[in-house]
Amino acid sequence: MLSPFLAYLLSVVLLCRTARSQYSSDQCSWRGSGLTHEGHTRDVEQVYLRCAQGFLEWLYPTGAIIVNLRPNTLSPAASLLSVCIKPSKESSGTHIYLDRLGKLRLLLSEEDQAEGRVHCFSIQDGALFIEAVPQRDISRKITAFQYELVNHRPAADPQSLSAPCQPCTDAETLLAVCTSDFVARGSILGVAEEEDQTFVTVSLSRLYRQKTQVFVSGGGRAKSWTGFVKMPRQCGVKPGEGEFLFTGTVRFGEAWLSCAPRYKDFLRVYQDAQQQGTNPCHLDTD
């Protein structure tokens, strides 16, 4: 059952859809203060963020804000995006809802935010409606989270950062080489499980591309890199011998594994596509 305050806010949401935010925003990130709401605690402010990633920080929250997350370019593919947010473990003072056409669905309670876990939802699920929890002392309350827009592999869960557990098709593997945040050749050193995630430690003999420095060079004359990639625990990843082609995404500074065929199998698929002229991009396999 909605609180009286929340019921009131719902009645004014549609009236304030076109209101401009009074806070500072660079279109990617936003930082504001609820102190501007003093005496106007029923205000609902609009925030517009139009980047692939950024952060939000709301100090001393009072009233509510509506956060509209959109890509900076319009295309039919934009409707397939998911939004992932990672709250700071110190985030407090609010509940976060999804607002779709005035209907609210709880996404993260104040207690959920303190866990610091990543939560994802389809961009079609609506805007974020962030409601301040009424309290006497707001001086130590800050709501903060990072966000990223995610383009999922087909059949992926829009509420998850990771790819589905089933192996990639040949076409998906070839496309992953072109579009992944990291592409590397190497072997598995070990597998460790923690809560609902699996950490795969890898040693790389060839690093074709990485979006950020998730793999670290071992130095010396022989070029090598080490690091780890993550997968859902339910995928049941096991150590395997031989070399693999690792591809995947980097989310909030962590590497998530997507397509990872054995390198010899990838090489066969790549060479067949090369002969047929159907490779979407080039990879130096020498």
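Hi everyone, let me begin with Lys 141: at 22% relative accessibility, this lysine counts as partly exposed. By that I mean between 20% and 50% relative accessible area, with buried being under 20% and exposed over 50%, using a 1.4 Å probe and protein chains only. Before going on, please keep in mind that this is a predicted model, where local features need pLDDT of at least 70, side-chain atom pairs count only at pLDDT 80 or more, and totals for chains, interfaces and linings use all residues. Residues are numbered from 1 along each chain as its sequence is written, and side-chain values use heavy atoms, with hydrogens and water left out.

So, back to the lysine. Lys 141 forms a salt bridge with Glu 110, with the closest N and O atoms 3.9 Å apart. A salt bridge here is a side-chain nitrogen of Lys or Arg within 4 Å of a carboxyl oxygen of Asp or Glu. This pair links distant parts of the chain, 31 residues apart: Lys 141 sits in the loop between strand 10 and strand 11 (142-150), and Glu 110 in helix 2 (residues 110-113). Helices (H or I, at least four residues) and strands (E, at least two) are DSSP runs, numbered from the N terminus. Glu 110 is buried, at 16% relative accessible area.

Arg 105 lies in strand 8 (residues 103-108) and Asp 125 in the loop between strand 9 (119-122) and strand 10, so the bridge ties together parts 20 residues apart in sequence. Both ends are partly exposed: Arg 105 has a relative accessible area of 42%, and Asp 125 comes to 25%.

The other is between Glu 243 and Arg 185, where the closest N and O atoms are 2.7 Å apart. Here too distant parts of the chain are linked, 58 residues apart, with Glu 243 in the loop between strand 15 (225-232) and strand 16, and Arg 185 in strand 12. Glu 243 is partly exposed at 30% relative accessibility, and Arg 185 is partly exposed at 22%.

Stay with Arg 185 for a moment. Arg 185 also lies over the face of Tyr 263, at 3.9 Å from the ring centre. For that, CZ of Arg or NZ of Lys has to be within 6 Å of the ring centre and within 35 degrees of the ring normal. Tyr 263 in turn forms one aromatic cluster with Phe 266 and Tyr 270.

That brings us to the rings. The structure holds six aromatic pairs. Rings of Phe, Tyr and Trp (its six-membered ring) pair if their centres lie within 6.5 Å; planes under 30 degrees apart are stacked, over 60 edge-to-face, and the rest tilted. Tyr 97 and Phe 129 are edge-to-face, 6.5 Å centre to centre with 70 degrees between the planes. Tyr 97 is in strand 7 (residues 94-100) and Phe 129 in strand 10 (residues 127-132), so this pair ties together parts 32 residues apart in sequence. Both of these residues are buried. For Phe 266 and Tyr 270, the ring centres are 5.6 Å apart and the planes at 40 degrees, so that pair is tilted. Phe 266 and Tyr 270 are four residues apart in helix 4 (residues 263-276), about one helical turn, and both are buried.

Now helix 3 (residues 170-179), whose buried residues are Thr 173, Leu 174, Ala 176 and Val 177. Why do we say they line one face? Seen down the helix axis, they fall within an arc of 155 degrees, so they do line one face of helix 3; the arc is taken from the directions from the axis to the C-beta atoms. The face turned away carries the exposed residues Ala 171 and Thr 179. The cover over the buried side includes strand 12, strand 13 (197-210), strand 16 (244-251) and helix 4.Strand 12 (residues 182-194) is also the place of Ile 188, which is buried at 16% relative accessibility. Beyond four places in sequence, Ile 188 is in contact (heavy atoms within 4.5 Å) with residues including Val 200, Lys 238 and Phe 246.

To finish, the whole chain: four helices and 17 strands, with 46% of the 286 residues buried. Thanks, everyone!
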